[in-house]
Each structure stands twice: as structure tokens, then as C-alpha cells.
Amino acid sequence: MNWDPNGKPRKPDFLGIGAQKAGTTWLSQMLGQHPQIWTPPFKEVQFFNHRFVEEHRQWLPWHYKRAKLNLQKRYDAKGEDMPEELGNYLERVTREPMFTNHWYKTVFAPAPEGTRTLDVTPEYSTLPAEGVDFVAKFLPEAKFIYIIRHPVDRAISQLKMNLVRGRRKPASVEDWLAEVEDPVLTDRGDYQTYVPRWNAHFGPDRLLYLPFGLIARDPLGVLRKVETFLGLEAHDYRDMGKKVFASDRSLSVPDVARARLREKLEPQFDFLDQTFGKEFTAQFR
């Protein structure tokens with residue numbers, strides 16, 4: 001582990017803020033390989049959304065319980081004991097009081113001297129205006145990465161994830177149409193609402209937007225662009241073309257349900273074209 005057990009609490013230098021189901025896990029795994037970057041042993045710290053999005057607090061205990069369990073499973077699968085330093089760290093960051101300003105800085109304390117720290121939490125992209133204002137004041141020098149995915153593709157990916165987690169499988173077209181009416185599918189990809197909030201505080205020197213489709217077509221090009229933006233040296237990454245989460249092929253969304261999602265998300269396409277230009281939006285897929 002690239003680990004300093006005596007490290008002092010510090011704020012993150014870089015944040016991946018979204019969007020959900022738009023390659024943030026891939027980004028976290030790639031940058032986690034970079035020798036100049038330190039990431040927490042679990043993705044998604046969830047600090048700012050805990051503070052400003054009340055409904056997220058309902059599932060955050062599950063998030064941290066799952067993170068600890070998954071880490072333990074990795075060591076069990078290798079027949080190894082979890083390192084004592086890691087166990088102590090997990091005990092510390094999951095002990096009350098959590099989600100205070102000091103707690104957030106403690107999350108990044110093990111980062112060795114000379115490295116920069118990264119928090120990738122896609123829920124941050126959905127912060128209300130006062131939340132983004134707080135981020136700007138709390139992290140006056142941080143840089144941010146926001147990956148934009150085709151609105152319908154993103155919603156369908158989220159829908160499939162939610163169905164798998166809920167152990168549901170729509171049995172009819174009517175059931176599918178009912179599923180796509182879930183407002184959470186349009187909320188997480190509501191670029192028209194969220195992007196202006198971030199642009200109000202951060203210019204292109206602090207906030208980098210990336211089109212999702214480039215990850216599949218040119219992953220190294222994406223990482224080189226990220227390295228340049230973050231001021232990192234070029235690194236030789238492993239498994240750049242590997243999919244992090246395979247799509248569930250047993251869940252085939254009917255065309256009529258896709259069409260309904262397209263209808264609901266139509267304003268997003270106009271907004272994205274006007275904000276980023278057609279050359280950018282053409283790279284969503």
C-alpha cells in the first residue's frame with residue numbers, strides 16, 4: 001500500500017464529481033494507479049452530498065458497510081489478513097462522528113508526502129446551489145472532472161443497476177414504462193440543472209468536462225488529457241480498455257420504454273448542444 005500511517009488530515013486536491021453511470025469508477029481505478037495520486041481504499045467518500053442532499057443520508061450507512069465488507073472480501077479471497085494499518089484506518093473513518101469537516105480531511109490523511117489526493121463521488125454533481133457554493137469555499141484550489149454521458153444511455157444504465165439491486169425484472173412493456181417514470185433516472189442526468197451550478201463557480205482551468213464515449217474509443221487519450229489538466233506526469237496504465245461493470249444482458253429495455261426516456265430527456269440534448277457544442281456531444285457514444 002502507498003500509505004503513510006502517520007499522515008496528517010488534509011483536503012483532497014482533485015474530485016471526480018459525476019455523472020453517475022458515466023465512467024467515474026473507471027477514472028478512479030486508472031488514476032489510482034498513478035504514483036502521484038493517492039485515493040482512499042474505497043471509492044465515493046460522499047461528504048458533500050451527505051451535508052446537502054438529505055435523502056442520500058438514508059443509504060450512506062449501507063454504502064460504508066458495503067465498502068468495509070468488500071475490502072475484507074478481497075483479502076479473504078487471497079487468503080491474506082487485512083493489513084493492520086488499513087484495518088485501523090477503516091475503524092477510524094467509520095466511527096462517529098462522521099461527515100464533519102475534520103472527518104473528511106482525515107479520510108485523506110494516509111496520503112504520502114508528495115502525492116496529491118483524489119475523491120471520486122458522482123453524487124457530488126447533483127448538489128444544490130448552496131452545496132456547490134460550499135465546495136468552492138471549502139476547496140479553493142481543487143480541480144474537478146465531470147464526465148458527461150448520452151442522457152438516455154446513462155438513464156438506461158442506471159435503470160438496469162437499480163433493477164438488479166432491487167431484484168426486480170419487469171415482466172411486460174407496461175412494467176417497463178412504469179419503471180422509466182422513476183424520477184431518479186432523470187434527476188442524476190439533469191445536466192441542464194447541474195452543469196450551470198458548477199460553471200458559476202469554476203472555469204475551464206478548474207473544471208474539466210469529458211464526453212463518455214471517448215473512454216471506450218481512446219482511453220489513453222482521455223487519461224493524457226486528464227494528466228495535463230491535473231498537472232501529472234504521463235503514466236503507463238494497466239487495463240485501460242477493461243469494462244468495470246458489465247451490462248446485464250438479461251435486461252433488454254423495450255424500444256417503447258427507450259422512446260419514453262428520450263421524450264423525457266429531450267431538453268437535455270438541446271442544452272448540451274448549446275453548452276458544449278455538437279462536436280463534444282457527438283462523442284457521447
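Partly exposed means a relative accessible area between the buried limit, under 20%, and the exposed limit, over 50%. I needed that before starting, and I also noted that this is a predicted model.

**Entry 1: Arg197**

I looked up Arg197 and found it in helix 10. Is Arg197 buried, partly exposed or exposed? Its relative accessible area is 26%, so Arg197 counts as partly exposed. Next I checked what Arg197 touches beyond residues up to four places away in sequence: Thr126, Leu127, Pro128, Ala129 and Val132. I also looked at Ser125, which is 72 residues from Arg197 in sequence, yet the two C-alpha atoms are 9.2 Å apart in space.

**Entry 2: Trp198 and the cores**

I moved on to Trp198. Which residues does Trp198 contact, leaving aside neighbours within four places in sequence? I got Ile17, Tyr124, Ser125, Leu127, Val132, Val135, Phe144, Tyr146, Leu207 and Tyr209. Trp198 is also among the residues with the most contacts inside the largest nonpolar core, along with Val45, Phe48, Trp103, Tyr104 and Tyr146. That core has 73 residues. I found a second, separate core of 14 residues, with Ala155, Leu159, Trp176 and Ala257 among them. My reminder to myself: nonpolar side chains tend to be buried together in soluble globular proteins.

**Entry 3: helix 10 against helix 13**

I then compared helix 10 (residues 191-199) with helix 13 (residues 255-276). Their axes come within 9 Å and cross at roughly 30°. Angles under 35 degrees count as roughly parallel, so that is how helix 10 and helix 13 lie to each other. On the helix 10 side I listed Tyr191, Gln192, Val195, Pro196 and Asn199, and they meet Pro267, Gln268, Phe271, Leu272, Thr275 and Phe276 of helix 13. Sorted by class, this contact has seven nonpolar residues, four polar ones and no charged ones.

**Entry 4: strand 3**

Why do I call strand 3 (residues 116-120) largely enclosed by the rest of the structure? Because four of its five residues are buried. Strand 1 (residues 14-18) runs parallel to strand 3, and three bridges join them. In that pairing, Phe14 stands opposite Leu118. Strand 2 also runs parallel to strand 3, joined by two bridges, and here I found Ile37 opposite Arg116.

**Entry 5: His34**

Last, I looked for His34, which sits in the loop between helix 1 (24-31) and strand 2 (37-38). His34 has a relative accessible area of 2%, so I put it down as buried. Not counting residues up to four places away in sequence, His34 touches Glu227, Leu232, Glu233, His235 and Tyr237.

Note on methods: Residues are numbered from 1 along each chain as its sequence is written. This is a predicted model: local features need pLDDT of at least 70, side-chain atom pairs count only at pLDDT 80 or more; totals for chains, interfaces and linings use all residues. Side-chain values use heavy atoms; hydrogens and water are left out. Axes are lines fitted to C-alpha atoms, for helices over the stretch in contact, and angles run from 0 to 180 degrees between N-to-C directions. Angles under 35 degrees count as roughly parallel, over 145 as roughly antiparallel, 65 to 115 as roughly perpendicular and the rest as oblique. Contact means heavy atoms within 4.5 Å. Ala, Val, Leu, Ile, Met, Phe, Trp, Tyr, Cys and Pro count as nonpolar, Asp, Glu, Lys and Arg as charged, and the others, Gly among them, as polar. A nonpolar core is a set of buried Ala, Val, Leu, Ile, Met, Phe, Trp, Tyr and Cys residues joined through side-chain atoms within 4.5 Å. Buried means under 20% relative accessible area, exposed over 50%, partly exposed in between (1.4 Å probe, protein chains only). Two strands pair if DSSP finds at least two bridges between them.
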